[in-house]
Amino acid sequence: LLSLLHQMIKINKINLKNKMKIITIFDQNEDFIKLQYESIIKHVKGEYEYIVFDNAKSQKQSAKIKECCKDLNIKTVRIKVRYFLSNPSQIAGTALNKAYKYLKNFNEPIFKIDSDMFFISDISLNQLMEQSDLLYVPT
């Protein structure tokens, strides 16, 4: 995971005029998608695209995530991590790596948030991006 983060931090000359990609990875609790999106709409200032990466273990759960995103007009990308990995950190790192592989050609700033994170106060993406090319809020 640290190697992946170092690669992401080395992104050169990101165009700050591009929309920031606010990304999250969901494997369950699709009800949180709406809550999280509402907190983003209310508190995040600046141009962004919210993308949900679907890492559900089952097709049934994946369908729920996809339906929720469709109802809210949120872009969703299906990624599948092999759940034979025993360590939750390996699963999370592999999911993040797959999300990064999808995003790396966009050359746009990335703000990764956990699926159970909600904004409770206003933030300016432009101010944040003046300081960093990668934003990550760990749990």
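**Salt bridges in the predicted model**

The side chains of Lys112 and Asp114 are joined by a salt bridge, with an N to O distance of 2.8 Å; a salt bridge is here a side-chain nitrogen of Lys or Arg within 4 Å of a carboxyl oxygen of Asp or Glu. Lys112 is buried, its relative accessible area being 9%, and Asp114 is likewise buried at 10% (buried means under 20% relative accessible area, exposed over 50%, and partly exposed in between, with a 1.4 Å probe and protein chains only). The model is predicted, so that local features need pLDDT of at least 70 and side-chain atom pairs count only at pLDDT 80 or more, while totals for chains, interfaces and linings use all residues. Residues are numbered from 1 along each chain as its sequence is written, and side-chain values use heavy atoms, with hydrogens and water left out.

In total, the structure contains 3 salt bridges. One of them pairs Lys21 with Glu49, whose closest N and O atoms lie 2.4 Å apart. This pair connects distant parts of the chain, Lys21 belonging to strand E1 (residues 20–26) and Glu49 to strand E3 (residues 48–54), 28 residues apart; helices (H or I, at least four residues) and strands (E, at least two) are DSSP runs numbered from the N terminus. Lys21 is buried, with a relative accessible area of 6%, whereas Glu49 is partly exposed at 23%.

A salt bridge is also formed by Arg78 and Asp54, with 3.3 Å between the closest N and O atoms. Here too distant parts of the chain are linked, with Arg78 in strand E4 (residues 75–78) and Asp54 in strand E3, 24 residues apart. Arg78 is partly exposed, at 34% relative accessibility, while Asp54 is buried, with a relative accessible area of 2%.
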